[in-house]
Amino acid sequence: MNTAALTPREREVLAHLAQGDTYRIIARRMGLSPHTVDTYLRRLRSKTGAVNRTQLTHLAFQLGYGY
């Protein structure tokens, strides 16, 4: 996965996802609507080939966003 293809906001969403945050919590922390967070997550799945939130979370940990 070429992480350079990810935008800073997509990386921020991944970091929140790695912390176990829900769409609603991610939206609140980033000042977005839950729909916008869903859009970011759909783009991330498309760019990474992940098919679900679990795979995105695994990717986030591989990229060092987890704790």
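**View 1. Glu10, a buried residue of helix H1**.
Glu10 lies in helix H1, where helices are DSSP runs of H or I with at least four residues, numbered from the N terminus. This is a predicted model, in which local features need pLDDT of at least 70 and side-chain atom pairs count only at pLDDT 80 or more, while totals for chains, interfaces and linings use all residues. Residues are numbered from 1 along each chain as its sequence is written, and side-chain values use heavy atoms, with hydrogens and water left out. Is Glu10 buried or exposed? Glu10 counts as buried because its relative accessibility is 1%; buried means under 20% relative accessible area, exposed over 50%, and partly exposed in between, with a 1.4 Å probe and protein chains only. Setting aside neighbours within four places in sequence, Glu10 is in contact with Ala5, Tyr40, Arg43, Leu44 and Lys47, contact meaning heavy atoms within 4.5 Å. Tyr40 is 30 residues from Glu10 in sequence, yet their C-alpha atoms are 6.2 Å apart in space.

**View 2. Arg9, also in helix H1**.
Helix H1 covers residues 8-18, and Arg9 has its place there. With a relative accessible area of 30%, Arg9 is partly exposed. Which residues does Arg9 touch, not counting those up to four places away in sequence? Look for Met30, Leu32 and Tyr40.

**View 3. The buried residues of H1**.
Here you can pick out Glu10, Val13, Leu14, Ala15, His16, Leu17 and Ala18, which are buried in H1. Their cover includes H2, H3 and H4. Just after H1 comes Gly20, with a positive phi of about 90°.

**View 4. The largest nonpolar core**.
This core has 15 residues, and those with the most contacts inside it are Val13, Leu14, Leu17, Ile26, Leu41, Leu44 and Leu56. A nonpolar core is a set of buried Ala, Val, Leu, Ile, Met, Phe, Trp, Tyr and Cys residues joined through side-chain atoms within 4.5 Å. At least two residues of the core come from each of H1, helix H2 (23-30), helix H3 (34-48) and helix H4 (53-62). If you follow Leu41, leaving aside neighbours within four places in sequence, you find contacts with Val13, Leu17, Tyr23 and Leu56.

**View 5. H1 against H2**.
The two axes come within 10 Å and cross at roughly 130°; axes are lines fitted to C-alpha atoms, for helices over the stretch in contact, and angles run from 0 to 180 degrees between N-to-C directions. H1 is therefore oblique to H2, since angles under 35 degrees count as roughly parallel, over 145 as roughly antiparallel, 65 to 115 as roughly perpendicular and the rest as oblique. On the H1 side, the contact is made by Arg9, Glu12, Val13, His16 and Leu17, and on the H2 side by Ile26, Arg29 and Met30. Sorted by class, these are 4 nonpolar, 1 polar and 3 charged residues. For these classes, Ala, Val, Leu, Ile, Met, Phe, Trp, Tyr, Cys and Pro count as nonpolar, Asp, Glu, Lys and Arg as charged, and the others, Gly among them, as polar.

**View 6. H1 against H4**.
The axes of H1 and H4 come within 9 Å, crossing at roughly 100°. That angle makes H1 roughly perpendicular to H4. Leu14, Leu17 and Ala18 of H1 meet Arg53, Leu56, Thr57, Ala60 and Phe61 of H4. The contact of H1 with H4 comprises 6 nonpolar, 1 polar and 1 charged residues.

**View 7. H2 against H3**.
With their axes 8 Å apart, H2 and H3 pack at an angle of about 105°. H2 is thus roughly perpendicular to H3. H2 brings Tyr23, Arg24, Ile26 and Ala27 to the contact, and H3 brings Pro34, Val37, Asp38, Leu41 and Arg45. By class there are 6 nonpolar, no polar and 3 charged residues.

**View 8. Arg45 of helix H3 and Arg28 of helix H2**.
Not counting residues up to four places away in sequence, Arg45 touches Tyr23, Ala50, Val51, Asn52 and Leu56. The C-alpha atoms of Arg45 and Leu56 are separated by 7.0 Å, at 11 residues apart along the chain. Arg28 counts as exposed, at 61% relative accessibility. Between the C-alpha atoms of Arg28 and Arg45 there are 21 Å, with the residues 17 apart along the chain.
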